[in-house]
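Here is a short briefing on a protein model. Look over the chain first, then read the points by topic.

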Amino acid sequence: MPPLDQYTDEEIKHFDQSYVWHHITPGAAAAKGLPVFVKGDGLDLWDIDGNHYLDASAGGVWVTNVGYGRREIVDAISAQLLELNFFAGGMGSKPAASFAHRLLEKMPGMNRVYYSSSGSEANEKAFKMVRQISHKYYDGKKNKILYRDRDYHGTTIAALSAAGQSQRREQFGPFVPDFVEFPHCFEYRNQFDDATDYGQKAAQLLEDVILREGPETVGAVIIEPITAGGGIITPPEGYLQAVDRICKKHHVLLIIDEVVCGLGRTGQWFGYQHYDVQPDIVTTAKGVASGYAAISCTVTTETVYQALQEENAADTMGYFRDISTYGGCLAGPAAALANMDIIEREGLIENCQVMGDRLMAGLQALKAKYPLIGDVRGKGLLCGLELVADPHSKEPVDESVTMQLVGACKNAGLLVGRTNRCFDTFNNVINMSPALCVTDAQIDQILAILDQGLSTM
């Protein structure tokens, strides 16, 4: 008997309710019982009670880019694990070498791939690279890492030290020193009396912080190309290009966090590729293997790689002395290769562009219908609705309103996301990120259920 079949459905629900500590879920909610998902196919999900859902959240956290039930990925993992399941990343392997080659073909200007197992870990590696470069070349002084208000880079203490989200940080300090926040680039809630040339003005706010701290102390800037959990914030015109220029002017490394946006989510292989910039380090995870295996990548230029190598045979401390245990699990790159094959074979980058336009057009139509929607924004299949109590003052709704809409959608068989334990005031954004294989009919179903839910608010 397969191990999971030895228990009844009621026993499984009891075990889940009694013994599992669920992520970012209050105990009171968990005590009432949560859906226990048992099967997925494409964008369709079924729970243990037989309820059916259309998943417009890509696994709840922007992961399942190619959808559920992809046998070719499972077969690729199975074949690799039988051949060789693991060896530490200090040695080579066929899947790791092959996927690095395939990935770098999509990332002109980037040249090295460091494997680990989560987005948080990928960003930790980037931070350690910056700090080691500071010690090797700047006497440890160029060690500050600047992060942007509303961005999020992971759940470890160092990653939370770079989190521009107050509720994600609260009660977890003290944090790692020399992480410094700079202002957001959120045009809907711009900081200026005159929003003309907002992208340039918002970028200047970054340079102001670099100059205040002293360029000789700033080692890197980390940003999401499109802020995801912080409210689906697309960069204003000219902003990322200006950030790139400012970083190069002050000899500051530019880290682009593509953990959410990478591998096609925005209608390009990577979000930064919409904006004509050249990062020094790119981090990615989530959609790299669409959740079929745990894998993340810290991708660097050759310049960064060479900066972290030994100078001579006697230099035993000059290279990047780091390890990720599960960066050596070969299920990850095997799954990532099969995942990329699907994206290319089925034209999912192009489908993301077309379906993203269809979704955005439908969301704009809902905005025209419901004053509750203050703003619609996004790129590709990363889209958001900001809910407001008043469209003129832009006063955000209480988060109970977004919870109500998410609940109404769930009851109607649609799973969408929301800003959740991010801010004191602005937990008022509904987000949608269906798998890149979404169809016209499924986009229309998402819009119809949203319309139904909004009509009851």
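Lys394 sits in the loop between β12 (382–390) and β13 (395–396). Helices (H or I, at least four residues) and strands (E, at least two) are DSSP runs, numbered from the N terminus. This is a predicted model: local features need pLDDT of at least 70, side-chain atom pairs count only at pLDDT 80 or more, and totals for chains, interfaces and linings use all residues. Residues are numbered from 1 along each chain as its sequence is written, and side-chain values use heavy atoms, with hydrogens and water left out.

**Backbone points**

- Lys394 has a positive phi, near 65°, and is a residue other than glycine.
- Lys394 counts as partly exposed, at 27% relative accessibility. Buried means under 20% relative accessible area, exposed over 50%, and partly exposed in between (1.4 Å probe, protein chains only).
- Asp197 also has a positive phi, near 55°. Its place is the loop between β6 and α9 (198–213).
- Asp197 is exposed, with a relative accessible area of 55%.
- His251 follows α10 and has a positive phi, near 55°.
- Gly173 and Pro174 are joined by a cis peptide bond, with omega about 5°.
- Pro174 belongs to the loop between α8 (166–169) and β6 (179–182).
- For context, most residues other than glycine have a negative phi, and most peptide bonds are trans.

**Helix α13 against helix α15**

- Helix α13 (residues 348–369) and helix α15 (residues 440–455) pack at an angle of about 20°. Their axes are 10 Å apart.
- Axes are lines fitted to C-alpha atoms, for helices over the stretch in contact, and angles run from 0 to 180 degrees between N-to-C directions.
- α13 and α15 are therefore roughly parallel to each other. Angles under 35 degrees count as roughly parallel, over 145 as roughly antiparallel, 65 to 115 as roughly perpendicular and the rest as oblique.
- The crossing of α13 and α15 is right-handed. A crossing is left-handed if the near helix is turned anticlockwise from the far one by less than a right angle, and right-handed if clockwise.
- On α13, the contact residues are Met355, Arg358, Leu359, Gly362, Leu363, Leu366 and Lys369. On α15, they include Ile443, Ile446, Leu447, Leu450 and Leu454. Contact means heavy atoms within 4.5 Å.
- Nine residues of the contact of α13 with α15 are nonpolar, one is polar and five are charged. Ala, Val, Leu, Ile, Met, Phe, Trp, Tyr, Cys and Pro count as nonpolar, Asp, Glu, Lys and Arg as charged, and the others, Gly among them, as polar.

**Helix α5 against helix α12**

- Helix α5 (residues 94–105) and α12 pack at about 35°, with axes 8 Å apart.
- α5 passes α12 in a left-handed crossing.
- From α5, the contact takes in Pro95, Ala96, Ser98, Phe99, Arg102 and Leu103. From α12, it includes Pro333, Ala334, Leu337 and Met340.
- By class, the contact of α5 with α12 has nine nonpolar, one polar and three charged residues.
- Asn339 is in helix α12 (residues 331–345). Asn339 is buried, at a relative accessible area of 0%.
- Asn339 touches Val66, Ile73, Gly287, Val288, Ala289 and Ser290, not counting residues up to four places away in sequence.

- In helix α10 (residues 239–249), the buried residues are Tyr239, Leu240, Ala242, Val243, Asp244, Ile246 and Cys247.
- These buried residues of α10 pack against β5 (144–148), β6, α9, β7 (218–223) and β8.
- Tyr275 lies in the loop between β8 (253–257) and β9 (281–284). Tyr275 is buried, with a relative accessible area of 11%.
- Tyr275 touches Ile226, Pro235, Leu240, Gln241 and Lys379, not counting residues up to four places away in sequence.

**Cysteines**

- The structure holds zero disulfides. A disulfide is a pair of cysteine sulfur atoms within 2.5 Å.
- Cys297 has its closest cysteine sulfur in Cys329, 13 Å away, too far for a bond.
- Cys297 counts as buried, at 0% relative accessibility. Cys329 counts as partly exposed, at 22%.
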